[in-house]
Amino acid sequence: MGRPKLKLLQEVDTRWNSTFHMLHRLVDLREPVGAALAGLQTDIPSLTSEEYNTVSGCLSLLSSFNDAGVELSAEEKVSGSKVVPLLKMLEQMLQEDITNTTAAVAREMGDHLIRQLRERLHTFQSMSIMSLATLLDPRFKVIGFFSSTKATEAIKRLTSECTAPIRSAQTPESDQPSTSQDAQPAAQGNKLWLHLDDSVMQARRIQNVTADATVEVQRFLSEPNIGRMEDPLLYWERQKCIYPNLYKLAVGFLCTSASSVPCERVFSKAGQVVSKKRNRLSPNTVEKLLFLNKNE
């Protein structure tokens, strides 16, 4: 038929996207497959036009999930902060695709997927490791959340987390009273008010730390977001002197991996390195080979 020679794909039970690619290739090769089945003596039934329309409608819904899977499986880019924004985009894309499809099965599947997103995956907004990673990513910040309430809760958690490095950075000298008024009770030697004075000083220190953390967080959030294709790690490398405490948090949270795919790739590569012809490699050698392969 003058078309590129392509083979049909077979799905793999452990990979859902293999089913997507199998059906996508089948739709692409619809005419050659129909011609081949018509010329062969086989009892394999050919899909009807209605069935192909159903498959095409389902593929349009699942294409967004396939794109999201590719995004979250990245190894060399920040991925953990993308989870919450991608869930937001998935729900919006599903709603658009449902209104555009005419296949009843596809519409039913779309409604089911939206329910699953709302019931299961919305909890990611409440997970500190995911919500703080999204908030600390200068590409997303509060825009990445699909609930303003959850965004406000994440800001409160970030402010609370920011107080820890500020408090640890304080020197013992800075914790001591500096004014003559603060030192007055001790100078008078009055022990009656000692515990109350200590409580007041402790509350004052906590209030100052919280105020500093709030100012730093609000300054960061008030800045315009960077482009989606820019590297957030480079942004924090440039801004670490302006937001020193948030920088420490960003280094910890942005390294979160969104999936176990990179780890599984290492295991798959190990199966290729240790083969029948190389079955006497020591564990130390295998570890070095894998390290060189994944960090070249």
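A pocket here is an open set of grid points with protein on both sides within 12 Å along at least five of seven lines. The views below show a predicted model.

**View 1. The largest pocket and its centre.** This pocket has a volume of about 930 Å³. Its lining counts 28 residues. Nearest the centre lie Trp16, Gly69, Ser73, Ser259 and Val261.

**View 2. Helices around the largest pocket.** Five helices are shown, and each supplies at least two lining residues: helix 1 (16-28), helix 3 (49-72), helix 4 (83-100), helix 5 (104-120) and helix 13 (261-273). Helix 3 provides the largest share, 6 residues.

**View 3. Residue classes in the lining of the largest pocket.** Nonpolar residues number 15.

View 4. The lining is made of 22 residues. Closest to the centre of this pocket are Glu71, Lys82, Arg139, Phe140 and Arg228.

**View 5. Helices around the second largest pocket.** Helix 3, helix 4 and helix 11 (232-239) each give at least two residues to this lining. Helix 4 contributes the most, with 4 residues. Helix 3 and helix 4 also each supply at least two residues to the lining of the largest pocket.

**View 6. Residue classes in the lining of the second largest pocket.** The lining holds 11 nonpolar residues.

Definitions and conventions. Residues are numbered from 1 along each chain as its sequence is written. This is a predicted model: local features need pLDDT of at least 70, side-chain atom pairs count only at pLDDT 80 or more; totals for chains, interfaces and linings use all residues. Side-chain values use heavy atoms; hydrogens and water are left out. On a 1 Å grid over the protein atoms alone, a cavity is a set of points where a 1.4 Å probe fits but cannot get out, and a pocket is an open set with protein on both sides within 12 Å along at least five of seven lines; lining residues have an atom within 4 Å of a point. Grid points are joined across faces, edges and corners, and a volume is the space filled by probe spheres set on the points. Ala, Val, Leu, Ile, Met, Phe, Trp, Tyr, Cys and Pro count as nonpolar, Asp, Glu, Lys and Arg as charged, and the others, Gly among them, as polar.
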